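Welcome! Here is a short briefing to read alongside the sequence and the 3D view.

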Amino acid sequence: MADLTVTEATDGLGLPLAMGDCILSAQAPGTAWLIAPYPGRRAACSAALAPLGLSFPAPGQGLAGQGLAAGGRRIVWAGRDQAFLFGAAPPEGLAEHAALTDQSDGWAGLRLQGPDAEAVLARLVPLDLRIGAFPEDHVARSLLGHMPLLIQRTGPETFALMTYRSMAGSAVQEIGHALKAVAARRRLG
Amino acid sequence: MSGGWRIPGRGAGIDRQRPLRFRFDGREMEGFAGDTLASALMAAGVRVVGRSFKYHRPRGVMTAGAEEPNALVEIIEGAQQTPNTRATVQELYAGLQARSQNRWPGLGFDALAVNDFLHPFLGAGFYYKTFMWPRQFWERVYEPIIRRAAGLGSLSGRTDEGAYEKAFAFCDLLVIGAGPAGLVAALRAGRAGADVIMAEADTQPGGRLLADLPEIGGQGARDWLAGVQAELAALPNVRVMTRTTVTGAYDGGTYGALERVGLHRADPGDLPRECFWRIVAKRAVMATGALERPIAHPGNDRPGVMLASAMPAYVNRWGVAPGRRVAIFGNNDSALATAQALTAAGVQIAAYIDPRPDVPALQDFPVYRGAQVVGTRGRMGLHTVQVRHADGVSEVPADALGLSGGWNPTLHLACHMNGRPEWDARIAAFVPRDGMVPGLTAAGAAAGGLSTAACLTDGARAAATALADLGLPVPEMTPPGAEDAPYGIAPFWAVDAGGRAWLDFANDVTTKDVAQAAREGFASVEHMKRYTTQGMAPDQGKNSNVAALAVLADATGQSIPDTGTTTFRPPFVPVSIAALGAGGRAKGFAPERRLTSDAQSRAMGAPMIEAGLWYRPSYFPRVGEATWREACDREVAMVRGAVGVCDVSTLGKIDVQGPDAGRYLDFLYTNRMSSLKPGRIRYGLMLREDGHVMDDGTCARLGEGHFLVTTTTAAAGQVMRHMDFVQQAFCADWAVRFASVTEHWAQFAVAGPRARDLLNTLLDQPVSADSLPFMACQPVTVAGVAGRLFRISFSGALGYEVAVPARYGAALFSRLVEGAEALGGGAYGMEALNVMRIEKGFITHAEIDGRVTAFDLGVQRMLSAAKDCIGKPASERPGLMDDARGQLVGLMSVDPADRIDAGAPLYAADAPARAENWQGHVTSAGYSPTLKGWLALGFLSNGRARHGEVLCIHDALRGRKLMARVCDPVFLDPEGRAMRG
Amino acid sequence: MRLTCPCCGPRDRREFTYYGHETFLHRPAPDAGGQAWDDYLHNRDNPAGPTRDLWYHDPCGTWLVVARDTVTHAVEGSEALA
């Protein structure tokens, strides 16, 4: 039994933060394994992931587990030859084809929801987040101000954001500034 | 004169039901919602709004737009003031406070107006000639005087606390300008389903329609405008951004745009003052319209003289009469049309003056054909215009004079990527060429089409072109009919009648200055600009550039196209640095990285020190300790005598896996890692390809194909980038992958003779000296949590580093500190860590500063002879293995009380402290409570052969001079007994 | 300025780190001698016109070669090293 108390990355940051018509809340990534297939092994990785109802994602792709067995598992592209497996331990046999690293504690997860979510992110993220260019389930690695960012659109007005755990405070602060300014504009009508 | 300047029934842009009080130079006045500061001042009868830059001449409002050269004011907001604000752009709000600029003591009487009488001595380049001698007077005497006399507004001197914002936007088509051409372009592209952003600098779409009110498609301009706006608003794919000036065109279809957000509000609340947009557009239509240019005639800077086209703007938008009796001086058909329009609006036209002999003379006002304005009268405002015509000179009473020398297409943006416009003799102006900015098309007046009908047609055409490029369907569109009068112009730039005729009002440049520049050899347009300063004021010569080069062309006998234009560069209008740098103030530029132990360290009173983006505790003060040194000395003694705990999570941790991991690390590190046994750790050195040391750290083998590499805090990012490069460039087919796990693990150094005792209170399976020897590692369970234990030491004491997933970091730190305190130890910070690593001669980036080789560090033996690695071939170049290079040494002050500082230079004991005697420098220094003296590391030429020698450290910067003895860089326990024990 | 990451598509310049001319891809043999190593490490042309240089897309970790023109600033294209 763990005899050490747990501190989440976003503890003490004043979340959830609701301003205007947006809400920023904590969304801990949970179990997160980074899967990096060795050269030429992407198909083998997909095969090994099949029992989870998943396959190795293409760049920019996020996949939710298929079928009842999926149980909220997701796999999300996370960089060159890398993907995050959320909500499950790597299946048997995957280690033969890919480097596996537990990253469950390395990232702070946030969720931004609301009609102005795109407008808020436009203040911080140099990405084209229009729904046509960045539809639901799409994923990108980019920047949140000067912080590393993994961003996924999880709904028409919802984004999942991940940045380094140590930067959670700055991330919340920066998004908070943007929320405030966008809310002030919204009040103008 | 007060009151009575508003015209009843005119001024659709103001709301007469909403009066607003404001102050100008302390005087309370009243305007209406919808007014600009300029229109409100004119309505209040204020004629003089500023003093000119050099001659301190009284000046009035000249334009109705962004190009205003004269009406620059300071806007006061509490303790803040924003200088050089164009009154023609500043919207009025309740309580606005504005102050005129460049006058003392006041606008009415300005002491420095004496400059005006000295003008024969103050022409172009006067300061280059007059203030040459004595030389040292320039900086101390002349420049301060000139700066005070010639000037613009001033800053408050306080930090700008206002909020600014930056934002990104993306679209298929960016329409720049919402005049008739832009509106039609946006409408057509919007109907086609393109994502459109239409950026308009003004408070509302319309452009010249708002001033000229032409009939469009049988409707009044405002009705037509309302219809178009309603349709655009209903299109979800069209975004209309008002108060947004596109300021620059950049590579890759990126445009900069400045939006005024809170600047026009009495109570902006949480609104930013401005937002700087970076708009990425696949295509752009530049529908920026055209700027009218004045004519240079003697006395043309008198308050009351303005652009002819500004007059209908003031009449129709703001309901303000430019004067009781207005004269118009123009050389083109639009000037005549303006005179007719003003008459129709009830403004009395005192005279229409045109140098062309064939102007139709039958008008509702006196027309002077073949005539010129040769002078004006009126000290603080125009009252007479002197007109020279075939029958002599007439004195025409007039309190306002509208000038129109023709129109210049607003083509600045098209030139931002170094494209050059071409001369169009038809309209006597420069027009943009196709392709000056990739993806950008000019339309309407910006492309030289000067009638409303031409703008409407051309906007539709430009949209069609853009849509075709975008692969979108081009919807049918028949632009509405509108005024399509031919535009006739006879080029006419300057009146030759003696006296000063202004070209550049903002910088007080006259036709004589330009002619003088040409005479003195500054005949190229770029030289003329710099010699006269024409076009260098905040307005960047928007209404003087073309006329100035026409005068230059005349003086040099060249044609205007051969003379060419100066280069237009971004930004098109002044952009505050705060807006450009929005998000970068205070911590915005550098996010904070906080340790899992951060809250507890702060709670313990530790001052935090920045290490890259990280914040680390420098020391943990205890009751009774008066200085940081006392805390630091105590913490060192704690580690040397009992046990200390330090958060070392900031060190980069890179997990390297794969069958080829060992082979890959052998190529990356100077020493061999593939021979490391699982469960063992090796110190490693990484070089840059040029042979210098990039970073150092440890490499632990966690399993057969599994390594964990550490980097220094400072170089973690650089090392990751380097590792990616080496792999992707040289061995992409090797089965190796790596990932940063820095953030996943919280890692704590536990160091000191009681370190093992402390750890064993937390480990589920205790370790012994033998079960985990020095430089070994193993998985452990720490208080029930799966972690890792490394037996490594950066302090030279018996040491371990224990790692747990970051969620447990705060709890583990607190348990370790509690345990350490019970054993007579405690937490230690960066200061103590630094002292202890100096005692042991361990290097950091203070030593490996990018210029240092393994040879310099005395670790040449770490370059494995049996294999190649990054940096090895270059490190063996003879110049990098020269004994004369600085070599790592230890330094101890001869008198232990003498303090040594990092950065101080080293000289031979008897040599004067001069550059040619420089022998090396101190890289790190600290007081060692263990050895009771000041210790330092440094680089000394041929240092390894000079142990025992006494040197002089002469630190002129801090005014310290002392003698120090050279020694081995390892001061303490050279055999490493303590850490191996 | 915008560059296209072969992995992520067109991105703002701020996401990239510049390294240098693609010469860095052609590492000489360890014993190629001083001249070859000097050329590899230090000697570069300063072209007015087309050039090919190395950039790192920091967010995703891809190294790429960018073909661009130093006179017109046109970016012709980019490809991943591997």
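Chain C holds 1 helix and 6 strands, where helices (H or I, at least four residues) and strands (E, at least two) are DSSP runs numbered from the N terminus. Starting at the N terminus, its elements follow the order β-β-β-α-β-β-β. This is a predicted model: local features need pLDDT of at least 70 and side-chain atom pairs count only at pLDDT 80 or more, while totals for chains, interfaces and linings use all residues. Residues are numbered from 1 along each chain as its sequence is written, and chains are lettered from A and ligands numbered from 1 in the order in which they are written.

**More on chain C**

- Along the principal axes, the C-alpha atoms of chain C fill a box of roughly 40 × 30 × 15 Å.
- Of the 82 residues in chain C, 28% are buried (20 or more other C-beta atoms, placed from the backbone, lie within 10 Å of the residue's own).
- Among contacts in chain C with a separation of 6 or more, 45% come from residues 24 or more positions apart; two residues are in contact if their C-beta atoms, placed from the backbone, lie within 7 Å.

**Where chain B meets chain A**

- On this interface, 43 residues of chain B are in contact with 41 residues of chain A.
- On the chain B side, the elements that give two or more residues are β8 (164-176), β29 (593-594), β33 (652-657), β37 (737-740) and α21 (809-822) of chain B.
- The most comes from β8(B), with 6 residues.
- By class, the side of chain B that touches chain A has 22 nonpolar, 8 polar and 13 charged residues (Ala, Val, Leu, Ile, Met, Phe, Trp, Tyr, Cys and Pro count as nonpolar, Asp, Glu, Lys and Arg as charged, and the others, Gly among them, as polar).

**Domains of chains A and B**

- Chain A is divided into domain 1 (17-28 + 106-188) and domain 2 (32-102), with bounds that come from an automatic or database domain assignment.
- The C-alpha centres of these two domains of chain A lie 25 Å apart.
- Between them, 8 residues of domain 1 of chain A are in contact with 8 residues of domain 2 of chain A.
- On the domain 1 side, β9 (139-144) and β10 (147-155) of chain A are the elements that give two or more residues, and the largest share, 3 residues, comes from β9(A).
- Chain B is assigned domain 1 (1-158), domain 2 (164-290 + 430-470), domain 3 (303-403), domain 4 (593-650 + 744-837), domain 5 (652-740) and domain 6 (882-975).
- Taken over C-alpha atoms, the centres of domain 2 and domain 6 of chain B are separated by 66 Å.

**A sheet in chain B**

- An open sheet of 3 strands in chain B has the order β19-β20-β21, with antiparallel pairing; two strands pair if DSSP finds at least two bridges between them.
- Its edge strands, each pairing on one side only, are β19 (372-377) and β21 (392-397) of chain B.
- The antiparallel strands β19(B) and β20 (residues 384-389) of chain B are joined by 5 bridges, and B:R377 stands opposite B:T384 in β20(B).

**A helix pair in chain B**

- Helices α5 (residues 180-191) and α10 (residues 452-470) of chain B pack at an angle of about 35°, with their axes 7 Å apart; axes are lines fitted to C-alpha atoms, for helices over the stretch in contact, and angles run from 0 to 180 degrees between N-to-C directions.
- The contact of α5(B) with α10(B) has 14 nonpolar, 3 polar and 2 charged residues.

Conventions:
Buried ≥ 20, exposed ≤ 12 C-beta atoms within 10 Å, placed from the backbone.
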